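Here are my notes on this model, point by point. Please keep the sequence and the structure open while you read.

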Amino acid sequence: MRPSKKVSDSQTMQQYLIRPAHINPYGRLFGAQLLKWIDEVAGIVAVRHANAIVTTAAIDNLQFTKPAYAGQMIVLLGQVTYVGRTSMEVRVDTFTEALDGTRNLINRAYIDMVAINNEGQAIEVPALELETDEQREEYEAAIKRKEMRKQRRLEGF
């Protein structure tokens, strides 16, 4: 039987301070900078779950809902939402954090990661233990996203 891990076993939180180098000419956080941070957090989550090297297979969904500005604190929270045989879907939520600790969601992204060996071949990952209703709902939604990704590939976009 394949080993399993809980969602909490690989959850990751990372903070960044937005600096002038992260800002676009319009005074907002560069989308590409945030995407880099999201990919890094997703990679850490996936490595923790798989106990292996991982690679980004796809960025399925990236929703910018609010801007972020220089001097703001950014908090990224990542967790595994779905596990296949060799792949994992990781959700990364991005928040701005005020000085009083309140957080506002500004982005949610879903990233597909694949575990690989030193030769670059996909390898099996532990199954996912779902402990809460929220985790089960996210898992069911991930199955739907996976089917939509397959359909988009078939249709060439």
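1. A word on classes before anything else. Ala, Val, Leu, Ile, Met, Phe, Trp, Tyr, Cys and Pro count as nonpolar, while Asp, Glu, Lys and Arg count as charged. The others are polar, and Gly is among them. By that scheme, the lining of the largest cavity has four nonpolar, three polar and one charged residues. Bear in mind throughout that this is a predicted model.

2. The cavity itself. The count comes to one cavity of 30 Å³ or more. The volume of the largest cavity is about 30 Å³. Its lining consists of V7, Q79, V80, T81, L128, L130, Q135 and E138. The largest share comes from β4, with three residues.

3. The largest pocket. Its volume is about 280 Å³. The lining runs to 16 residues. Those nearest the pocket centre are A58, D112, K146, R149 and R153. By class, the lining of the largest pocket splits into seven nonpolar, one polar and eight charged residues.

4. Which elements build the pocket lining, each with at least two residues? They are β3 (53-64), β5 (87-97), β6 (103-116) and α2 (133-155). Of the elements, α2 gives the most, with five residues.

5. Aromatic pairs. In general, such a pair is described by the distance of the ring centres and the angle of the planes. The structure holds two of them. One is formed by Y16 and W37, and it is stacked. The centres lie 4.2 Å apart, with 5 degrees between the planes. Y16 sits in strand β2 (residues 12-17) and W37 in helix α1 (residues 31-50), so this pair ties together parts that are 21 residues apart in sequence. Are Y16 and W37 buried or exposed? Both are buried.

6. The other pair is Y82 with Y139. Why is it called tilted? The ring centres are 5.0 Å apart and the planes meet at 40 degrees, so the pair falls in the tilted class. Planes under 30 degrees apart would count as stacked, and over 60 as edge-to-face. Y82 belongs to strand β4 and Y139 to helix α2, so the pair links distant parts of the chain, 57 residues apart. Y82 is buried, because its relative accessible area is 11% and the cut-off for buried is under 20%.

7. A charge over a ring. R145 lies over the face of Y110. The distance from the ring centre is 3.6 Å.

8. Helix α1. It has 20 residues. From first C-alpha to last it reaches 28 Å, close to the expected 28 Å at 1.5 Å a residue. The buried residues in α1 are Q33, L34, W37, I38, V41, A42, G43, V45, A46, H49 and A50. An α-helix has 3.6 residues a turn, so residues three or four places apart point the same way.

9. The residue after the helix. α1 is followed by N51, which is found in the loop between α1 and β3. Most residues other than glycine have a negative phi. N51 is not a glycine, yet its phi is positive, at about 55 degrees. N51 is exposed, because its relative accessible area is 61% and exposed means over 50%.

Definitions and conventions. Residues numbered from 1 in each chain as written. Predicted model: local features only at pLDDT ≥ 70, side-chain atom pairs only at ≥ 80, totals over all residues. Heavy atoms only, no water. 1 Å grid on protein atoms, 1.4 Å probe; cavity = no way out; pocket = protein on both sides within 12 Å on 5 of 7 lines; lining within 4 Å. Points joined across faces, edges and corners; volume = space filled by probe spheres on them. Helix = DSSP H or I, 4+ residues; strand = E, 2+ residues; numbered from the N terminus. Phe/Tyr/Trp six-rings, centres within 6.5 Å; stacked < 30°, edge-to-face > 60°. Buried < 20%, exposed > 50% of the residue type's maximum accessible area, 1.4 Å probe, protein only. Lys NZ or Arg CZ within 6 Å of the ring centre and 35° of its normal. Expected span 1.5 Å × (residues − 1).
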